[in-house]
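Please open the structure in your viewer and keep the sequence panel beside it. The tour moves from one selection to the next, with a short note at each stop.

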Amino acid sequence: FAAVLMVGLVFALYQLLNSPAFFVGELSANGTHLLSPAEVEAAAAIRGQNIFYLNPSEIANALEKLPEVKAAQVSLVLPNQVHARIVERQPRFLWEAHGEKYWVDDDGIALRVRGNLPGLFSLKDADEELVRVGERVNAGAFNTAVSLRNAWQNSPRNFEWSRAHGLAIRDEHGWLIYFGNANQMADKLAALKIVTAQIVKEHRAVAFIDLGNGLPYYQEVVLKK
C-alpha cells in the first residue's frame, strides 16, 4: 500500500509540475517608461518556463543588469504569473563625447538616447573621455555640473568640460564663465555676482571670467575704434 501510495504521489507531482497551466507566458511589468515590454521580457528570459523552477531574486538581478533599471522587485503568482516592479533611471543630462550622445541620470550612469526628451541639461566633454552605456561618465565633469546645477537653480543649461578650465558656461551676457571643479561652488557663484555687477556698472566688454583658481579674474576685450 505504501509503495502504491508513493508511486501515486510521484505521478501526481509529475503531472502537477508538467501541467501547461504552470508554464509562464509574458512577464507583467510596471514602472517602465524608457524600456519596451520586449526589452524587459528578453532580459527576464522566463517565457515558457515552469513557475515552480523560477527564482524571483534571480529574475530581479537579470532585470537590474539593464542600464535603464535602477532597481527591480519580482513576485510569482500561481498558477503562471510573474510580476515585476521596476524603478528606471531618470535622465538629467544629454552628454556628448566622441561625437556620440547619451542620456545620463543623477548617479552619472550613461544610458542610450531614446528619442527627444526636453528639459535636459546638456554637457559636452571636450576631453572626449570614453563613455560606456551602463557605466559612470567622466566623474569630474559630472560632479561639477551637478554641483553648479544644485547651487544655481536658474543656471544656463548648456555646459562644457575640459581639463584646462573645468566646467564652462556662457551666461546671459554672452560671457564665457569658467568654474573649474566642484569645490566651493557657492563661493564661486557669490564672486561671480560681484564681478558681474562691477563689469556691467563700468560698461566693460569681457572675453571670459575665470572662477576656477581662487580669486576670480576676467579678460577684457579690446574694442577696435
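A nonpolar core is a set of buried Ala, Val, Leu, Ile, Met, Phe, Trp, Tyr and Cys residues joined through side-chain atoms within 4.5 Å, where buried means under 20% relative accessible area, exposed over 50% and partly exposed in between, with a 1.4 Å probe and protein chains only. The model is predicted, so local features need pLDDT of at least 70 and side-chain atom pairs count only at pLDDT 80 or more, while totals for chains, interfaces and linings use all residues. Residues are numbered from 1 along each chain as its sequence is written, and side-chain values use heavy atoms, leaving out hydrogens and water.

Select F93, W95, F159 and F179 to begin: these have the most contacts inside the largest nonpolar core, which has 31 residues. Next, colour helix α5 (residues 185–201), which gives the most to this core, with six residues; helices (H or I, at least four residues) and strands (E, at least two) are DSSP runs numbered from the N terminus.

Then centre on F179, which, leaving aside neighbours within four places in sequence, is in contact (heavy atoms within 4.5 Å) with residues including W152, H165, L189 and G212.

Now move to strand β7 (residues 121–125), whose covered face holds F121, L123 and D125, and whose uncovered face holds S122 and K124. In a regular strand the side chains alternate between the two faces of the sheet.
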